[in-house]
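Student: I'd like to learn how to read helix packing and salt bridges in a model. Can you walk me through it?

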Amino acid sequence: MSLTGNDLKGIGFQEGKALGLALQVMEKDFSTLPVADQLSLLKKVITDPEAYQHDVNFGVVASQLLQPVDPIIALEPQKAYTVYGAEGIEQGAIGQMQTAMRLPVTVGGALMPDAHQGYGLPIGGVLATHNAVIPYGVGVDIGCRMCMTLYAMPAAMLQQKTDSFKKMLVDNTRFGIATFKKPQEDAIFDRQEFQDLNILRGLKDRAWQQIGSSGGGNHFVEFGVVEITNAINELNVPVGQYLAVLSHSGSRGLGANIARYYTDVAMNLCKLPAEAKHLAWLDLDTEAGQEYWLAMNLAGDYASACHHQIHNRLAVALGETPLAMIENHHNFAWKEKDAQGREIIVHRKGATPAGKGVLGIIPGSMASPGFIVRGKGLAASISSASHGAGRLMSRTKAKASISPAAVKAMLQHEGVELIGAGLDEAPMAYKDIHQVMEYQKDLVDTLGTFMPRIVRMCGDERFQEVD
DNA sequence: ATGTTC
């Protein structure tokens with residue numbers, strides 16, 4: 001029988017290295033004993049660690065228990081930050097942002113109008129720090145991002161040949177646990193980081209299996225209609241309608257494992273009061289900080305590579321070359337400059353980079369438009385905007401209160417075909433994107449809109465191997 | 001977000 005972390009906490013272990021080591025020792029050498037016997041052994045060790053310092057089995061656990069406990073870093077008075085669309089933001093997200101503004105490393109922050117509560121920094125939170133990176137300020141899905149390609153094809157084809165476009169999505173995208181039988185080669189796998197960092201060496205094989213796949217949750221790949229409304233645009237396309245592909249996904253298991261590992265490292269190295277513990281940071285001058293920075297950037301590039309494979313497969317299926325491609329991370333940290341020219345680390349956890357002239361994509365929901373935007377570089381927003389409409393209700397509440405018939409009717413009304421997805425992704429579970437765009441009109445200009453027509457999200461693939 | 005827990 002295997003012990004759990006909670007079992008150990010029950011006999012007095014604190015969250016930390018000793019707990020992890022104790023679990024390892026029990027799993028390796030004592031896993032055949034009944035749980036009660038395992039616990040009574042560990043109880044002796046934690047009661048009198050001195051006696052076990054040189055024990056062949058428990059020496060490593062006892063020595064760790066005897067290490068002095070790291071002092072807790074004090075929070076400072078809260079620094080000022082700007083909230084956009086405060087009336088639509090839940091209190092939990094505001095509270096989390098206030099805590100983040102009290103870290104000694106924090107130099108600035110902003111909360112986007114689609115914000116909601118997360119772990120550590122809220123989703124929709126932007127945090128600028130000095131020389132420190134917070135793994136939970138980036139989020140679990142490192143490099144979660146948007147990518148859009150525009151085609152010189154009549155958008156009406158989507159209605160005329162709906163079934164053929166649906167088949168293109170089914171054949172060329174993978175959701176949930178499903179992956180491609182033959183993953184496509186990619187330059188990302190030549191990256192030295194996969195050899196240089198221990199953690200990455202063990203993650204490469206699954207990254208290879210998963211490349212080009214989309215995962216689950218709010219991720220999607222969809223065909224839709226882009227309406228370019230601004231004649232002055234960096235895409236170099238005239239005002240008008242375009243058939244387009246839009247994708248939303250991240251770095252799959254690769255980023256999730258990097259995030260989990262370095263959050264753990266940070267929380268062990270950087271002890272904060274309970275309400276701030278998930279905001280543990282890594283100093284960029286330390287080995288761990290530099291490793292995380294490399295791993296995070298690799299995960300971001302991997303997420304980008306996944307999107308490029310998705311769009312390439314669909315370009316082949318369409319038999320066309322895209323006119324333009326737009327893409328942006330919205331879960332990431334960047335080295336940027338503040339107004340005084342100092343280097344800052346900008347964490348955007350569910351926020352779109354909106355530096356002056358920077359293009360980005362802000363999706364709505366499966367039945368409402370997304371927006372192609374150009375950042376205005378507003379300092380108060382730390383050059384950021386929202387990464388979507390934001391949830392109006394939790395996944396649990398959405399599943400309990402929205403009826404499949406209502407979703408079906410809404411999709412039909414908006415002329416949207418859907419493959420997969422659960423009620424937690426229903427359009428009515430999201431805020432009104434037009435209202436959210438209004439809240440952030442000082443942050444971005446709109447170049448065009450994207451209306452979804454044929455949407456694929458994660459469905460039963462969660463439970464069922466496809467290929 | 002994630003083969004969802006060291």
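Predicted model: local features only at pLDDT ≥ 70, side-chain atom pairs only at ≥ 80, totals over all residues.

Student: Let's start with the helices. At what angle do α8 and α13 pack?

Tutor: The idea is to look at the angle and the spacing of the axes. Here, helix α8 (residues 162-172) and helix α13 (residues 287-318) pack at about 140°, and their axes are 10 Å apart. Because of that angle, α8 counts as oblique to α13; the cut-off for roughly antiparallel is over 145 degrees.

Student: And which hand does the crossing of α8 and α13 have, left or right?

Tutor: Right-handed, as α8 passes α13.

Student: Which residues make the contact?

Tutor: From α8 you have Phe165, Met168, Leu169 and Asn172, and from α13 there are Arg313, Leu314, Ala317 and Leu318. Sort that α8 and α13 contact by class and you get six nonpolar residues, one polar and one charged.

Student: What about Lys376 and Asp445, where do they sit in the chain?

Tutor: They form a salt bridge, with the closest N and O atoms 3.5 Å apart. This pair links distant parts of the chain: Lys376 is in the loop between β14 (370-375) and β15 (384-386), while Asp445 is in strand β17 (residues 444-457), 69 residues apart. Lys376 counts as partly exposed at 31% relative accessibility, and Asp445 is partly exposed at 31%.

Student: Which residues are linked with Lys376 and Asp445 in a network of salt bridges?

Tutor: Glu234 and Arg374 join Lys376 and Asp445 in that network.

Student: One last pair: Arg395 and Glu425. Is each one buried or partly exposed?

Tutor: Arg395 is partly exposed, with 29% relative accessible area, whereas Glu425 is buried at 5%. Buried means under 20%, so Glu425 falls below that cut-off. Their salt bridge has its closest N and O atoms 2.8 Å apart. This pair also links distant parts of the chain, with Arg395 in helix α14 (residues 395-401) and Glu425 in the loop between β16 (417-419) and α16 (433-439), 30 residues apart.

Notes:
Residues numbered from 1 in each chain as written. Chains lettered and ligands numbered in written order. Heavy atoms only, no water. Axes fitted to C-alpha atoms, helices over the stretch in contact; angles between N-to-C directions. Helix = DSSP H or I, 4+ residues; strand = E, 2+ residues; numbered from the N terminus. Parallel < 35°, antiparallel > 145°, perpendicular 65-115°, else oblique. Left-handed = near helix turned anticlockwise from the far one by under 90°. Contact = heavy atoms within 4.5 Å. Nonpolar A, V, L, I, M, F, W, Y, C, P; charged D, E, K, R; others polar. Salt bridge = Lys/Arg side-chain N within 4 Å of Asp/Glu carboxyl O. Buried < 20%, exposed > 50% of the residue type's maximum accessible area, 1.4 Å probe, protein only.
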